[in-house]
Amino acid sequence: MLTSDSLSRRHFMLLAAAAAASSPFVAQGAASQDGYLKGRLYKTLKIGMVKAGKSLEEKFALAKEAGFDGIELNTPGINVEEVNAAIKATGLPVDGSVNSSHWSVRHTDPDPAVRAKALESLKEALRQTHAVGGNTVLLVVGKGSDGPEEEIWKRSVENISKAIPLAAELGVPIAVENVWNQFCYDHGGDHTQTADKFVKYIDEFDSPWVGMQFDIGNHWKYGSMGDWIRQLNKRIIKLDLKGFSREMGKFTKIGEGDLDWADVRKALAEIKYAGWAAAEVAGGDLERLKEISANMDRVFGLTTQS
């Protein structure tokens, strides 16, 4: 008999197998590239975006009805039994989680005691994510304000590396997110920046169990998201997304603003990306969730007309 854990893992493996079984991508112009992600990209969202539904099971059901293939939780802090019951009842898997304390308890903190707490939080997030069948733990590594870049780089790499053996044991990778944390980019700089530092940072771990949950919208203000995807390449193990307008200088709904989604699709096809993409925008009721799902279909070229 399948447990809720094995059910969600089996669902993920079926999705991965479907992606691998698809015909190989051959560059044959924009039309081919726009169609590449069909059958290869799977939609998820953050649990906090589901504003309707009283119980966890109801929230899972609403996300599934809205067209999502999975959902991301915040760990540590979940009730594993309740989550597995919701998975079993709805058939919606947990594809991963977000480390719930990573902004306040940081791997870059100058205090060793705080870094120890950050490490234990990450380890417990890995354990809880594994217990509900999830496949990644998203991590914000810290803040640039915690010290000179060389120091916080070394601190965070050393601290996070202590969790890699557990990540490998459980089969749950650590997925670093690119965020506005004044680290690995120039916060006051312009839109000509590259992903060079992010590439170097991920490579510093020298482990297949550390990659990036690349947020497509977060750094459009600072560089070309298509080119950053090309640079990061196989280091990207999952995607986050939102819209952004350079003209207005603010985040937007997915598909609004001036982010170059055509180049994003082209870049994802070029690196042969297959896997999960998580919406990270303002949520709401079922109608709003359906809107987000449809926006994702459009920007990723998952519908007939993209």
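Q: Buried or exposed: which describes Thr136 in this predicted model?
A: A residue is buried when its relative accessible area is under 20%, and exposed when that area is over 50%. Thr136 sits in the loop between α5 (112–131) and β4 (137–139). Its relative accessible area is 4%, so Thr136 is buried.

Q: Which residues does Thr136 contact, leaving aside its neighbours within four places in sequence?
A: Contact here means heavy atoms within 4.5 Å. One of the residues in contact is Gln213, 77 residues away along the chain, with a C-alpha separation of 8.9 Å from Thr136.

Q: What is the strand order of the open sheet of eight strands?
A: The protein has 11 helices and 10 strands. Eight strands make up an open sheet with parallel pairing. Its edge strands, each pairing on one side only, are β1 (41–45) and β2 (71–75). From one strand to the next the twist averages 30°. The order is β1-β10-β7-β6-β5-β4-β3-β2.

Q: Which residue of β6 is the bridge partner of Ala175?
A: Strands β5 (residues 174–177) and β6 (residues 210–215) pair in the parallel sense over four bridges. For Ala175, the bridge partner in β6 is Gly211.

Q: What angle does the direction of helix α9 make with that of β6?
A: Helix α9 (residues 225–232) packs on the sheet, where it touches β6 and β7 (236–241). Angles run from 0 to 180 degrees between N-to-C directions. For α9 and β6 the angle is about 170°.

Q: Which residues have the most contacts inside the largest nonpolar core?
A: Buried residues account for 53% of the 306 residues in the protein. The largest nonpolar core holds 80 residues. Those with the most contacts inside it are Phe60, Leu126, Tyr201, Ile216 and Phe300.

Q: Which residues are in contact with Phe60, leaving aside its neighbours within four places in sequence?
A: Phe60 is among the residues with the most contacts inside the largest nonpolar core. Outside its sequence neighbours, Phe60 is in contact with Ile47, Ile71, Leu73, Val83, Ala86, Ile87, Thr90, Leu92 and Val94.

Q: How many Å apart are Val83 and Val94, C-alpha to C-alpha?
A: Val83 lies in helix α4 (residues 80–90). With 2% relative accessibility, Val83 counts as buried. Its contacts beyond four places in sequence are Leu56, Phe60, Leu73, Ile78, Val94 and Val132. Val83 and Val94 are 11 residues apart in sequence, and their C-alpha distance is 8.5 Å.

Q: Stacked, tilted or edge-to-face: which describes the aromatic pair of Tyr185 and Tyr222?
A: The count of aromatic pairs is 13. In the pair of Tyr185 and Tyr222, the centres are 5.0 Å apart and the planes make 55°. Planes under 30 degrees apart count as stacked and over 60 as edge-to-face, with the rest tilted, so this pair is tilted.

Q: Why do Trp261 and Phe300 count as an edge-to-face pair?
A: Trp261 is buried with a relative accessible area of 7%, and Phe300 is buried with 0%. Their ring centres are 5.9 Å apart. Planes over 60 degrees apart count as edge-to-face. The pair is edge-to-face because its planes stand at 80°.

Q: How many residues apart in sequence are the parts that the pair of Trp261 and Phe300 ties together?
A: Trp261 lies in helix α10 (residues 261–270). Phe300 lies in the segment after α11 (286–299). The pair therefore ties together parts whose separation in sequence is 39 residues.

Q: Which residues does Asp263 touch, not counting residues up to four places away in sequence?
A: Asp263 is placed in helix α10. Its relative accessibility is 17%, so Asp263 counts as buried. The residues touched by Asp263 are Ser224, Gly226, Asp227 and Arg230.

Notes:
Residues numbered from 1 in each chain as written. Predicted model: local features only at pLDDT ≥ 70, side-chain atom pairs only at ≥ 80, totals over all residues. Heavy atoms only, no water. Pairing = 2+ DSSP bridges. Helix = DSSP H or I, 4+ residues; strand = E, 2+ residues; numbered from the N terminus. Core = buried A, V, L, I, M, F, W, Y, C linked by side-chain atoms within 4.5 Å. Buried < 20%, exposed > 50% of the residue type's maximum accessible area, 1.4 Å probe, protein only. Phe/Tyr/Trp six-rings, centres within 6.5 Å; stacked < 30°, edge-to-face > 60°.
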